[in-house]
Amino acid sequence: MLKAILWDVDGTLAETEHDGHLVAFNRAFEGLAIPWRWSESRYGELLAVAGGRERLLYDLQSQPLAPADAVQRAALVERVHRLKNEYYAAIVAAGALALRAGVAQLFADCAAAGVSMGIATTTSATNVAALLGAHLGSSWRSHFSAVVCAEQAPLKKPDPQVYLRALQALGLAADEALAIEDSPAGIAAARAAGIAVVVARSFYFSDIDLSAALSAGPSLGSARGWRPMSGAASDDRIALSDLVRWHRARPATP
Ligand code: XBP
Ligand code: MG
């Protein structure tokens, strides 16, 4: 029986990578007088590396103007990441990061049906608080029975740690939860934890392998384009009733 929905954050709740983190990283480079910027397409490549700090460190390997010394590199990563998160919070506070279509309605469905919700993300806790505080208010934490971020699960997706810790916090078995994700690393993490996963494709992950997903579609805000399980035509969005139906019909070994 489905008892909890586990939400990924970046790309799933909002288009935070394209409209938030990328913009904030470039502002941080500028603010620290670092002489390079990331293009939209370069950031798409870099998303193969989960975690903002890890992404920065990886990119430094191909930046000719980056310091050669490992200690200096690590210090630079910390400075950029801290400032990036400040700019990210400012972008969220300015109202520039709307929740993706259908997300708020699913939150309401879960509340009405008494289905728990959890957060399972590779991003920093500060970014989750900024985003959800802006959309759900200062009591945002009370909407979620578990919030597991990078700080609580340092082994980032595709490692299953974040999902295993979320299940542990909820006191649930893997087959009592359903993950909502957007990225290959997120899908792999949920599946490695034994959790069935539904994928709402995002800007940067519009063309990924979806064979491990219970169902996938372009948006939770539309019942169209979902497969192999389809949304109910009666309600032009993906409702909790669709997720419950899909979860019940999942293969024996999800
Ligand atoms: C996505 C990530 C994060 C963000 C940046 O996490 O990989 O690293 O890109 O956030 P998810 P930080 O999809 O699991 O929410 O800079 O805080 O790492
Ligand atoms: Mg994501």
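Helix axes are lines fitted to C-alpha atoms over the stretch in contact, and angles run from 0 to 180 degrees between N-to-C directions. Helices (H or I, at least four residues) and strands (E, at least two) are DSSP runs, numbered from the N terminus. The model is predicted: local features need pLDDT of at least 70, side-chain atom pairs count only at pLDDT 80 or more, and totals for chains, interfaces and linings use all residues. Residues are numbered from 1 along each chain as its sequence is written, chains are lettered from A and ligands numbered from 1 in the order in which they are written, and side-chain values use heavy atoms, with hydrogens and water left out.

Helix H4 (residues 70–93) packs against helix H6 (residues 125–136). Their axes lie 9 Å apart, at an angle of about 5 degrees. H4 and H6 are therefore roughly parallel (angles under 35 degrees; over 145 is roughly antiparallel, 65 to 115 roughly perpendicular, the rest oblique). H4 makes the contact (heavy atoms within 4.5 Å) through Lys84, Asn85, Tyr88, Ala89 and Val92. H6 contributes Thr126, Asn127, Ala130, Leu131 and Ala134. Six of these contact residues are nonpolar, three polar and one charged. Here Ala, Val, Leu, Ile, Met, Phe, Trp, Tyr, Cys and Pro count as nonpolar, Asp, Glu, Lys and Arg as charged, and the others, Gly among them, as polar.

The whole structure holds 12 aromatic pairs. Rings of Phe, Tyr and Trp (its six-membered ring) pair if their centres lie within 6.5 Å; planes under 30 degrees apart count as stacked, over 60 as edge-to-face and the rest as tilted. Trp7 and Phe107 pair edge-to-face, 5.2 Å centre to centre, with 90 degrees between the planes. Trp7 sits in strand E1 (residues 4–7) and Phe107 in helix H5 (residues 103–113), 100 residues apart. Trp7 is buried at 0% relative accessible area, and Phe107 is buried at 6% (buried is under 20%, exposed over 50%, partly exposed in between; 1.4 Å probe, protein chains only). Phe203 and Tyr204 also form an edge-to-face pair, at 4.9 Å and 90 degrees. Phe203 is partly exposed at 39%; Tyr204 is buried at 18%.

Asp10 lies in the loop between E1 and helix H1 (16–31), and Asp182 in the loop between strand E4 (177–181) and helix H8 (184–192), 172 residues apart. Asp10 is buried at 11%, and Asp182 is buried at 2%.
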